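Here is a short report on one protein model. Look through the structure first, then read on.

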Amino acid sequence: PTLGSLIDPNQLPSDMFAADYETLLPYLTAALTAEHADDVHERAVAAAGMVKAAELLAGEYRLVVTNVPYLGRGKQCDTLKAHLDEHHPEGKADLATAFVLRCMQFCAAAGSTALVTPQNWLFLTTYRSLRKTLLRSSRFDAVIWLGPAAFQDMNFWAANTALVIVSSGTAAGSHSFLGLSAS
């Protein structure tokens, strides 16, 4: 529950999972339909959900679109801090920037991610290493400044946000990208 979609089953030991979802499905279905105690049914439902989540988290996608979660380093629990230190050190200052990196991991070759993020990682020196990593391994296709309170009903704290579209693969010398200010 703490790490959620930051978990990458591809980085887990190969013997962590002995069977894929299709192999387990008949057994999970049988457990779900069995007339056993409610707790057995609940465990089967939970197991089926975890197996499906692992399958989704291990996948590669052509397009990943999300509004990333925002949580600064000071408000992260120890488990989350340790995970980000190990797996996303360039993005550990904010959960949002760690998700920029994680969403890029989800992308297949020539895949893209479109993210609503805080805009500060695009220019603060704290995130220089993150930007270098992305510029070396990815291609920026669009950066759209959304400005403060872009989502007035949800952003009561008036975060300055940006919509960033980044694709797998490095940019060609002739590459150009869209830059807009919607603020």
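## The sheet

Five strands make an open, mixed sheet in the order β1-β2-β4-β3-β5. Strands are DSSP E runs of at least two residues, helices H or I runs of at least four, numbered from the N terminus. Two strands pair if DSSP finds at least two bridges between them. β1 (61-67) and β5 (178-181) are the edge strands with a single partner each, so one side of each has no neighbour in the sheet. β3 and β5 pair in the parallel sense over four bridges. Trp 145 has Ser 181 of β5 as its bridge partner.

## Model basis

This is a predicted model: local features need pLDDT of at least 70, side-chain atom pairs pLDDT 80 or more, while totals for chains, interfaces and linings use all residues. Numbering starts from 1 along each chain as its sequence is written, and side-chain values use heavy atoms, without hydrogens or water.

## Helix α5

In α5 (128-137), Leu 130, Arg 131 and Leu 134 are buried (under 20% relative accessible area, 1.4 Å probe, protein chains only). These buried residues fall within an arc of 95 degrees, taken from the directions from the helix axis to the C-beta atoms, so they line one face of the helix. They pack against α4 (95-106) and β3 (138-148).

## The nonpolar core

The largest nonpolar core has 28 residues. Such a core is a set of buried Ala, Val, Leu, Ile, Met, Phe, Trp, Tyr and Cys residues joined through side-chain atoms within 4.5 Å. Trp 121, Leu 122, Leu 134, Phe 140 and Val 164 touch the most other members. The largest share, nine residues, comes from α4.

Beyond four places in sequence, Leu 122 is in contact (heavy atoms within 4.5 Å) with residues including Arg 131, Phe 140 and Val 164.

Technical notes:
Buried means under 20% relative accessible area, exposed over 50%, partly exposed in between (1.4 Å probe, protein chains only).
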